[in-house]
Amino acid sequence: KTVIIIPARYGSTRYPGKPLVELRTREGKKSLIQLSWEAADKVSGVSEIYVATDDKRIEEHAVNFGAKVIRTSSKCRNGTERCAEALNNAQLDAEIIVNFQGDAPLTPSWFVEEIIAGLKADKFTDMATPVLRLDRKSYNLFSEDRKSDRVGGTTVVFDKDKYALYFSKELIPFFEISKLGSNDEIPCYHHVGVYAYRAEALAAYPNWAPGRLEELEGLEQLRFLENARRMLCVVVDAKGRDFWELNNPADKPKLEAMMK
C-alpha cells in the first residue's frame with residue numbers, strides 16, 4: 001500500500017504563508033497547496049493523499065477543496081519530520097509513503113510513479129527520489145539564483161549504482177561551461193524534491209539528530225546520508241515539460257508562465 005503525504009507549514013522563513021499563495025493558471029487563480037494536491041492526485045497506484053499541517057488556515061483551506069488532512073505539531077523541523085509525525089498520528093497502514101512537496105505543482109505524475117517503482121525493485125535502498133539532468137535553460141535559472149544570492153533549487157551527485165553521494169544548494173559538480181560544446185550535456189542533475197520512503201526508514205528519521213551537513217545546507221534529506229541510509233536517485237525524463245519549484249517570491253511569475 002502506498003500513500004502520499006503533502007507536508008505544509010505556514011511559517012516558512014524564506015516565504016511565510018507560501019502554501020496559500022495564489023497562482024494564475026489557465027483555470028483561474030488557485031493556491032499553491034491546491035495545485036500541488038491536484039498534481040499528486042494524478043499519480044497512479046496510490047491509496048490515499050493527505051495534507052499534513054500544523055496550521056488551522058491551511059487545514060480549513062485544504063478541507064474546502066476536498067483534501068484529507070492530518071494535523072501535526074508545530075515542532076516539526078522539516079517536511080520529512082512532518083510526514084513521519086503524520087504517519088504516526090494517523091497510524092497509517094502503508095508500506096511506502098511518498099513525501100510530495102507542497103511547493104512543486106509542476107511535478108509530473110510519472111516522476112512519482114517511477115520512484116515508487118524504483119523503491120519496490122531495489123531491496124537495498126530505504127528511499128528513492130527523482131533527479132533531472134539540467135538543460136541550458138534550467139542551468140541558467142540555477143546560475144541566476146546563485147549570482148543573485150538566492151537560495152533556489154538543489155543539485156545532486158550520485159555513484160555508478162545511482163545511490164546519492166551528496167545534495168547541495170550549490171551547483172555540483174563544478175565544471176566550466178565555457179569548455180562544453182554546444183551539443184554537450186550539462187553534467188549536473190536537479191534534485192526534484194519528492195521522496196518515496198519505506199515506512200521503517202521514515203519512522204526512524206525523527207529519532208536522529210540533525211547532522212552538521214543538514215544544518216549547513218538546510219536540506220532535510222542529508223540526515224539520511226549522514227546516518228548511512230541509502231537513497232536511490234531515479235533519473236527521470238521531463239518529456240519536454242518545464243519543471244521548477246516555488247522557492248522564493250521571485251519564482252512565482254516563472255511558475256505561472258510555465259503552467260500557462
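This section describes the nonpolar cores, the pockets and selected residues of a predicted model.

Local features were considered only at pLDDT of at least 70 and side-chain atom pairs only at pLDDT 80 or more, whereas totals for chains, interfaces and linings use all residues of the predicted model. Residues are numbered from 1 along each chain as its sequence is written, and side-chain values use heavy atoms, with hydrogens and water left out.

Secondary structure elements are DSSP runs numbered from the N terminus, with helices (H or I) of at least four residues and strands (E) of at least two. Residues are termed buried under 20% relative accessible area, exposed over 50%, and partly exposed in between, with a 1.4 Å probe and protein chains only. A nonpolar core is a set of buried Ala, Val, Leu, Ile, Met, Phe, Trp, Tyr and Cys residues joined through side-chain atoms within 4.5 Å. The largest such core comprises 54 residues, and Ile4, Ile6 and Val51 have the most contacts inside it. Apart from this core lies another, of 31 residues, which includes Ile97, Val131, Tyr197 and Leu219. Contact denotes heavy atoms within 4.5 Å. Beyond its neighbours within four places in sequence, Ile4 is in contact with Ala40, Val43, Val46, Glu48, Ile49, Tyr50, Val98 and Phe100.

Helix H1 (32-40) is mostly covered, with 8 of its 9 residues buried. The buried residues are Leu32, Ile33, Gln34, Leu35, Ser36, Trp37, Ala39 and Ala40. The elements that cover them include E1, strand E2 (22-25), strand E3 (28-31), strand E4 (48-53), helix H2 (56-64) and H9.

Pockets were located on a 1 Å grid over the protein atoms alone; a pocket is an open set of points where a 1.4 Å probe fits, with protein on both sides within 12 Å along at least five of seven lines, and lining residues have an atom within 4 Å of a point. Grid points are joined across faces, edges and corners, and a volume is the space filled by probe spheres set on the points. The largest pocket holds about 1,000 Å³ of space. Its lining consists of 37 residues, of which Arg14, Gln101, Asp103, Gly218 and Glu220 lie nearest the centre. Strand E1 (2-8), helix H3 (79-89) and helix H7 (212-217) each contribute at least two lining residues to the largest pocket, and H7 supplies the largest share, 3 residues. For classification, Ala, Val, Leu, Ile, Met, Phe, Trp, Tyr, Cys and Pro count as nonpolar, Asp, Glu, Lys and Arg as charged, and the others, Gly among them, as polar. On this basis the lining of the largest pocket has 10 nonpolar, 14 polar and 13 charged residues.

The second largest pocket has a volume of about 440 Å³. Of the 17 residues that line this second pocket, Lys42, Pro105, Leu106, Arg241 and Met259 lie nearest its centre. Helix H1 and helix H9 (252-259) each supply at least two residues of this lining, with H1 giving the most, 3 residues. The lining of the second largest pocket divides into 7 nonpolar, 3 polar and 7 charged residues.

Ser168 lies in strand E9 (residues 164-168) and counts as buried because its relative accessibility is 3%. A polar contact is a pair of N or O atoms within 3.5 Å; within protein, one must be able to donate a hydrogen and the other to accept it, and residues adjacent in sequence count only if both atoms are side-chain atoms. The side chain of Ser168 makes such a contact with the side chain of Glu217 (2.9 Å), and a polar atom of the Ser168 side chain lies 3.0 Å from the backbone nitrogen of Glu170. Not counting residues up to four places away in sequence, Ser168 touches Gly153, Thr154, Thr155, Glu217 and Leu219.

Val157, in strand E8 (residues 154-158), counts as partly exposed because its relative accessibility is 24%. Leaving aside neighbours within four places in sequence, Val157 is in contact with Ala164, Leu165, Tyr166, Ile172 and Pro173. The C-alpha atoms of Val157 and Cys188 are separated by 7.7 Å, although the two residues are 31 residues apart along the chain. The peptide bond from Ile172 to Pro173 is cis, with omega near -5 degrees, and Pro173 is found in the loop between E9 and strand E10 (189-191).

Positive phi values occur at Asp149, near 60 degrees, and at Lys239, near 55 degrees. Asp149 lies in the loop between helix H5 (136-147) and E8, and is exposed at 67% relative accessibility. Lys239 is found in the loop between strand E12 (231-235) and H9, and is exposed at 55% relative accessibility.
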